Amino acid sequence: MNWKLTSIVVIGFVLAVVLSLPDNTPYTEEALVLPSCSAAETLVTTDIYFYVDDEVGKNFDRNRAVEMIDYANQVLSNSCIPLRRQLAALQYVAINDEKARDQYAMDELTDLGTSQPWHDALTDAIGSEQLRRHLNKKTDIYVAVLQDELSVIEDGTLGFVNIFRDQFVGLSEKAPIRALEHELGHLAGAGHSGSAVTNLAKASLLKFNSKAQPFSAQAVTCANAGTIMMSHSEIALPIYSSPEARYRNKPCGHSAYANNQQVMLNYANRLAENEAGQ
Ligand SMILES: [Zn+2]
């Protein structure tokens, strides 16, 4: 091999290695370009009720709840969604997590969705009258905070929704700050980056709420960061996917298939219409 060819091969090899290295550029707020919001719309406020399992205790306190709410509101405001989250109450209750786990393990849930046992356990804890009060107010969201991830669903899940309960969220005590708005996004119909699971959820949710537009849009990764509905990104951007948002000059959405911002806007409008009609 002559020296020129050798050096080309070596340079080619070095280039290939560089191109395959993970992009570890740290997050900078300046690199995030937000969509521009149009004229102010009427804000709808959702009241978030946290029901924390007694066993979790101080591992999930009011400060933690406030952090989650603040982050959620930052995401909504960054994404021009006329919707805000408000901490209505945080209460410690005895949730029979063990019974829920047993039910889950017994696989009796084919028709109800995998998180139904935790919804049942929460209903036992707060009483059906309190549950009815929440269900009568579409802007109420009730959140069960459960013992660590192994107690919830044994695959490391830190947050979940139930496709038949559009006001219920389950969180592990170890759920990251952004998990609340991520799960609330699901309740509004926002999706991940597309999978058989979300298609299944879409079919089931549509059966119960024909006006919903569930999972019609996806989350995206732009540069090395993910929008709020990307659950596994190390760098999480405080925005819903939108073709108007950019990070490090890369679009954070697509008008045809990655526009969770539009899904959230539709949801906010449905809630506002519902409020006006009451
Ligand atoms: Zn998710």
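This is a predicted model: local features need pLDDT of at least 70, side-chain atom pairs count only at pLDDT 80 or more; totals for chains, interfaces and linings use all residues.

Me: Which residues of H3 and H4 make the contact?
Reply: From H3, Asp97, Lys99, Ala100, Gln103 and Tyr104. From H4, Pro117, Trp118, Asp120 and Ala121.

Me: How does the contact of H3 with H4 split by class?
Reply: Five residues are nonpolar, one is polar and three are charged.

Me: And at what angle do H3 and H4 pack?
Reply: About 150°, with the axes 8 Å apart. H3 covers residues 97-105 and H4 covers 116-126. Angles over 145 degrees count as roughly antiparallel, so H3 and H4 are roughly antiparallel to each other.

Me: OK, strands now. Do S2 and S3 pair in the parallel or antiparallel sense?
Reply: Parallel, over ten bridges. S2 is residues 44-53 and S3 is residues 83-93.

Me: How does the chain cross from S2 to S3?
Reply: Through helix H2, residues 62-78. That β-α-β crossover is right-handed.

Me: Which residue in S3 is the bridge partner of Phe50?
Reply: Leu90.

Me: How many bridges join S1 and S10?
Reply: Two, with S10 spanning residues 242-247. In S10, Arg246 is the bridge partner of Val33.

Conventions
Residues are numbered from 1 along each chain as its sequence is written. Two strands pair if DSSP finds at least two bridges between them. Helices (H or I, at least four residues) and strands (E, at least two) are DSSP runs, numbered from the N terminus. A crossover is right-handed if, with the strands pointing away from the viewer, the path from the first strand over the helix to the second runs clockwise. Axes are lines fitted to C-alpha atoms, for helices over the stretch in contact, and angles run from 0 to 180 degrees between N-to-C directions. Angles under 35 degrees count as roughly parallel, over 145 as roughly antiparallel, 65 to 115 as roughly perpendicular and the rest as oblique. Two residues are in contact if their C-beta atoms, placed from the backbone, lie within 7 Å. Ala, Val, Leu, Ile, Met, Phe, Trp, Tyr, Cys and Pro count as nonpolar, Asp, Glu, Lys and Arg as charged, and the others, Gly among them, as polar.
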